[in-house]
Structures are given as structure tokens and as C-alpha cells.
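Please read the numbered points alongside the chain shown here.

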Amino acid sequence: MSDLQLALLAIGLGVIVVVYGAGWWQQRQYQRKFGEAFKAKAGDALYDAQPAPVEHVLHTPAQDLSATFTLPSALDESCGLLNNRSDFIIELTLSEPSPAATLQVFWSRRFDFAKPVQVCGLGVNRTEWERVIADSPSLYVKLRLALQLADRSGVVNLTKLADFRDLVLGMAHDIQAEISVPDVADAYQRAVELDAWCAAVDQMVGINLLASTGRSLRASDIVEAASLQGMTLESDGALHAFNGAGHSLFHLINQDNSPFQHHTLAQSTSAGLTLLLDVPRVANPVQQFAAMCEVAKNLARQLQLNLVDDQRVVLSSSGLERIRAQIAAVEAKMLAYDIEPGSAQAHRLFS
């Protein structure tokens, strides 16, 4: 090997050593900066001894939170839905840009509160909030942790609400973040009021279809007739009418709630059918009720059925009009509350 070759080999080895050393140094600096966020905690921040008070805790009055936490230009629509009326929202201002893994204690406990939990983050040099998951790759300067106050299963539990607050307080202390915390008692009162409103508008409207002679209907005939009305059999065992966006507008089920299944249609029968409209979850529910009534009449004509109410009394035009008026009242009540039927916010609350 010539002197020139030896010299080139030595230079090449030197470059490799320098590159490796630089990479090792950068990795060591990153671990020193963020390593603590990835380490498992030895104890439970909620049930261990209470942490020392966070120096920069700001208890924001409940009446100011609606302005503080309204996100009109959210990058992720789900973050834009968070508000003081439907959620208990705690905001963290981080001491330095940090990854989602900073919330490791929270991620391990996020299913403990019996209501949906959501995290939104404001990235470095960003003006829009985005939804954060445990392995989100971005670095964030602010985080909002939200616990939904009510859904179809009822109001949030007061103890769970306090547990959520205490968990985030302890975590904020550990990562030295400033924190803005609403009052738990005020939040629970809002939750109770929201739940009462939801209960008042949560209506499922049904139209029953029965044969006057009490004869059984073949499942295959039912599916064929519903298909002619644009309805499709789905995995939940119901036949659905969908809009252009793929959202179910109303659906047809067996009166005994047994599912329709593709592989048993030839052998199955039904004693009666029910068309259902989930009022708060569909846009323009009055209009959709009219469409459902038309489908009901067409099915009744094709399958030789009668339209009846829950007491098996034949539904007249005046009876259908009374139902339409009730739906219109629900729609008006929802709009007055600034929650549009069928909207993403309505789907959150009525799920």
C-alpha cells in the first residue's frame, strides 16, 4: 500500500470518528434535556402524598374560561370543539418546548375518569392548536388537557373530576409547568346543567311497521325492500340510510332487536320492524323525519304493513305531524343552545 493510500485511509477513519462523536454528543444532550420525561415514575402522582404547591398556579375564574379556551382557528377540529361549557380544561405552559411524552403519567391514567379525555397542544412557532397523542412527534410550548363533562352515560363524577385536577396538578409540579386550573365545584355545576339540557333534547323517534294479520316477514324480503329505498345492511345488524358524507340518517331494525345478518337472511323471519331517527345526532332532523316517513310508507306498501306507534295504534297523518312538531321543538332548543343537530359537538355529547 502506497503512502498516498495510507494517508487517504487515515483521513477517512478520522471523518468517521468525528461524525460518530458528534452524533453521540447530540444524543447525550437530548437525553439530558428530555430524558426525565420518558422515565417511568416510581409512584402514583394522584395517590402519593400531595406535592408542594406549584409556584405559578393560576386559578382562573369559571366565568372567564369560555373566552380563554375557545379555539376558533384550531388545526384539528376536535380541539376547536373544546369549550368551558362542555369540558373541564386545564392549561399548562411548559418551561421549555417538550414532547408529548412529558405527559407520561397522564397517558397511563387517561382512561381512569369514565369520560372522554383529550389533549391539545400548541407547537413551537405555531398559532393553531392540534390534537396530541402519546407518540406525537412535535415539541409543544402549551398543552390543554380536557375532561368531557357529560355524555349519554350521564354527568361526570365529582370525585373523578377532582382526581383529574389532582393528577394534572401533580404532573405540572414535576415538570415545573405553569398551570391554569378552573374551580372543580363550578365545573361540576356546569356539568349537571349540561347533563339536564342533554336529557331534555335526547330523543329517539321510532315508527313501527307491523302486519295486520300477525304474519311473519322473511328477512330476505325486508332487506330487498329496504335496498330499493337506498338502505344498506351494516355490521351492526341494522339497515341504514346514509347521506353523502357517509353518516347514518336513520335506520331500520327488527322490532325484537335481533340483528339482520347476511348469512342467515334466507332462514330468518321478523314479526315487525322499527325505523329509528336519533334526533340530536342528525342534521336537519325535521327534514330527515320527513324522509323517514316516506321510506316507512314505501316499505309498508311493498311489504303490506301498517304504520303504528308504540301502543300499536295506527299512525295517521295527524299523528305523524305531532311527532314532527316534537322534533322541530328539539331542533329549536338545540340551536338556541348553540349546538346544531348532527354537528361534531352534538356527536360528542350524544355518544
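Which handedness does the disulfide of C79 and C120 have?

1. The torsion about the S-S bond of C79 and C120 is about -105°, so this disulfide is left-handed. The model is a predicted one, in which local features need pLDDT of at least 70 and side-chain atom pairs count only at pLDDT 80 or more, while totals for chains, interfaces and linings use all residues. Residues are numbered from 1 along each chain as its sequence is written, and side-chain values use heavy atoms, with hydrogens and water left out.

2. The sulfur atoms of C79 and C120 are 2.1 Å apart, and the count comes to one disulfide (a pair of cysteine sulfur atoms within 2.5 Å). C79 belongs to helix α3 (residues 77–80) and C120 to strand β3 (residues 117–123), so the bond ties together parts 41 residues apart in sequence. Helices (H or I, at least four residues) and strands (E, at least two) are DSSP runs, numbered from the N terminus.

3. C79 is buried, at 0% relative accessible area, where buried means under 20% (1.4 Å probe, protein chains only). C120 is buried at 0%, C198 at 6% and C293 at 8%.

4. Helix α6 (residues 184–201) and helix α9 (residues 317–336) have axes that come within 9 Å and cross at roughly 155°. That makes α6 roughly antiparallel to α9 (an angle over 145 degrees). Axes are lines fitted to C-alpha atoms over the stretch in contact, with angles from 0 to 180 degrees between N-to-C directions.

5. On the α6 side, W197, A200 and V201 meet V330, K333 and M334 of α9, contact being heavy atoms within 4.5 Å. The residues of this contact divide into five nonpolar, no polar and one charged.

Notes
Angles under 35 degrees count as roughly parallel, over 145 as roughly antiparallel, 65 to 115 as roughly perpendicular and the rest as oblique. Ala, Val, Leu, Ile, Met, Phe, Trp, Tyr, Cys and Pro count as nonpolar, Asp, Glu, Lys and Arg as charged, and the others, Gly among them, as polar. Buried means under 20% relative accessible area, exposed over 50%, partly exposed in between (1.4 Å probe, protein chains only).
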